[in-house]
Amino acid sequence: MITLNTLTDSEKPAITAQTAAAKEVNLPPLHMSSSPHVRSAITVPMIMLFAIIAMVPSLAASVVFFGVNALILTAACVGAAVGTEWIINKALKKEQSIGDLSAVVTGILVAFNLPPSLPVWMAVIGSVFAIGVAKMVFGGLGANFINPALAGRAFLMANYPAEMTNFPATVFGSINALPDGISSATPLEAIKTAFSQGSFQVSEFANALPQLFFGNVGGTIGETSALALLIGGIFLIAGRIIDFRIPLTYIGTVFFLFWIANGTGTYFTLESIITPVFHVLAGGLMLGAFFMATDMATSPITPKGRIIFGIGCGVLTFLIRKYGGYPEGVSYSILLMNLVVPLIDRCTRPTIYGEVRGRG
Amino acid sequence: MLKEEVKRGVITENPILILALGLCPSLAVSTSVTNGLGMGLATMFVLVCSNIIISIIKGWVPDKVRIPCFIMVSAAFVSILHLFIKAYMPLLDQRLGIFIPLITVNCIILGRAEAFASKNSLSRSFTDGIVMGLGFTVSLLILSAIREFLGSNKLFDLMVIPKFQPLTAFALAPGGFFTIAFVMGVVSFLRSRKEARA
């Protein structure tokens with residue numbers, strides 16, 4: 001393939017003879033190269049830097065609500081993630097890849113998925129698993145088929161279920177329990193119990209919404225403040241780092257399904273949207289939708305595929321939260337949908353110009 | 001000669017790590033070193049005995065019914081072994097459970113019968129049984145040592161590091177898959193590096 005390309009000064013003398021004719025009519029010199037021909041100015045480290053900046057508000061919120069412990073855990077996870085990648089590259093004599101900052105992002109995301117009370121060494125194990133097993137084994141950045149941070153979380157959940165679901169109250173002392181004093185670990189558990197016992201009262205849960213929005217609620221490090229996550233997510237969408245389709249369809253699906261199953265028996269009143277809003281703000285939905293479902297290597301590349309992916313995540317999250325054994329299902333939903341990404345990509349392949357698709 | 005045979009069974013043609021035979025019992029019993037050792041030795045016994053018998057009867061077995069014949073032979077030895085273990089090592093019998101009777105249909109037994117004993121002389125089949133059983137036992141020991149240490153913080157049922165909370169997943173099936181995959185990966189990495197050098 002032949003592309004037009006401007007050359008640097010040092011390359012010019014060598015091709016003067018061939019392009020003498022071209023120069024007379026002021027055409028740029030011809031340059032032979034193989035694809036890709038169009039390169040974006042946005043590089044991998046830049047994207048990762050954007051992602052890190054987008055996570056700063058959430059990190060700040062977690063330090064505000066959980067104290068300095070959150071920062072220590074995050075630092076430990078980042079250190080372990082980068083260290084693991086460095087060691088594996090070194091041991092396998094591969095080109096060093098820690099400079100692309102992707103390990104830093106994974107480290108922060110692993111920490112965001114952990115409760116702030118987790119012992120540091122467990123967090124380190126999660127990070128090592130995330131980078132070592134979920135990412136580097138499959139060939140490093142871009143070759144992993146599941147989200148490394150979520151794999152790290154799932155691994156820790158399998159090993160230390162008690163520690164992973166022990167969520168301390170925030171430093172402001174408030175809500176692990178809802179205002180009325182239901183004793184529970186997280187708001188999602190409270191709403192699940194309320195529904196299963198038939199004791200669901202809309203007003204109780206409506207009162208908790210502002211707390212959920214600002215983040216004064218027990219949970220993992222990153223998921224606490226919906227506001228901070230929203231700021232980061234909008235920053236990423238505005239910077240065109242992530243596609244709005246995945247978070248929009250994901251959150252939209254969860255909202256819609258919980259609106260149908262809202263527990264009040266009405267559909268077009270203010271009460272009927274309390275349950276869906278509660279479910280959107282509580283738990284890891286925002287974190288998962290903006291920062292983890294949108295991971296470039298593990299989400300579909302076609303726009304149509306991304307919509308399917310988002311809806312699939314939403315349906316799975318709804319099913320787990322509503323009918324499953326766990327109160328929260330974001331991480332497993334995304335992991336499960338990660339596995340079908342190649343299939344989605346295949347089914348949503350756009351037609352080539354002029355191509356006629358066979359019938360069924 | 002003997003050294004080469006041992007090397008063949010344990011390294012170059014290791015039943016689990018290279019030939020990928022007998023993965024099912026390996027996944028199931030490699031949760032502790034004791035189980036691994038017991039299973040390895042039990043399989044070795046059946047393997048040696050069935051290899052001997054099969055290499056003796058190979059001339060009389062019609063080709064079409066050879067697989068049922070091989071299974072009958074191994075089933076006979078497994079029954080002997082099972083009764084013996086039940087009588088003298090009831091604890092091991094409890095821990096290995098169904099996996100002792102299942103040795104009958106272990107791919108290693110059938111694989112070696114089909115690929116080796118039914119084509120080779122008595123003495124060679126005997127050595128093959130010994131070295132393949134050795135390879136099986138050694139790999140089970142490696143796998144179960146890793147899994148027992150990570151999964152329950154023990155070796156031979158003794159506590160290793162006080163206060164270390166074990167990674168429970170390694171005592172369960174997923175940990176078995178991870179461990180086998182990693183040990184296989186490391187072995188083939190070492191092999192490819194050795195071949196590249198040679």
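A pocket is an open set of points, on a 1 Å grid over the protein atoms alone, where a 1.4 Å probe fits, with protein on both sides within 12 Å along at least five of seven lines; its lining residues have an atom within 4 Å of a point. The model is predicted, and totals for linings use all residues. Residues are numbered from 1 along each chain, and chains are lettered from A.

Start with the largest pocket. Its volume is about 1,200 Å³, counted as the space filled by probe spheres set on the points, which are joined across faces, edges and corners. The lining has 39 residues, and A:G132, A:V133, A:V137, B:F178 and B:F182 are the closest to the centre. Helices here are DSSP runs (H or I, at least four residues), numbered from the N terminus. α8(B) gives the most to this lining, nine residues. By class, 34 lining residues are nonpolar, four polar and one charged. Nonpolar means Ala, Val, Leu, Ile, Met, Phe, Trp, Tyr, Cys or Pro; charged means Asp, Glu, Lys or Arg; the others, Gly among them, are polar. Domain 1 (44–164) and domain 2 (187–348) of chain A both give residues to the lining, so the largest pocket lies between them. The domain bounds come from an automatic or database assignment.

Now turn to the second largest pocket. It holds about 460 Å³ of space. Of its 27 lining residues, A:I47, A:M48, A:V105, A:D295 and A:M296 lie nearest the centre. α2(A) supplies the largest share, five residues. The lining has 18 nonpolar, seven polar and two charged residues. The second largest pocket lies between domain 1 and domain 2 of chain A, because both give residues to its lining.

Terms used. This is a predicted model: local features need pLDDT of at least 70, side-chain atom pairs count only at pLDDT 80 or more; totals for chains, interfaces and linings use all residues. Side-chain values use heavy atoms; hydrogens and water are left out. Helices (H or I, at least four residues) and strands (E, at least two) are DSSP runs, numbered from the N terminus.
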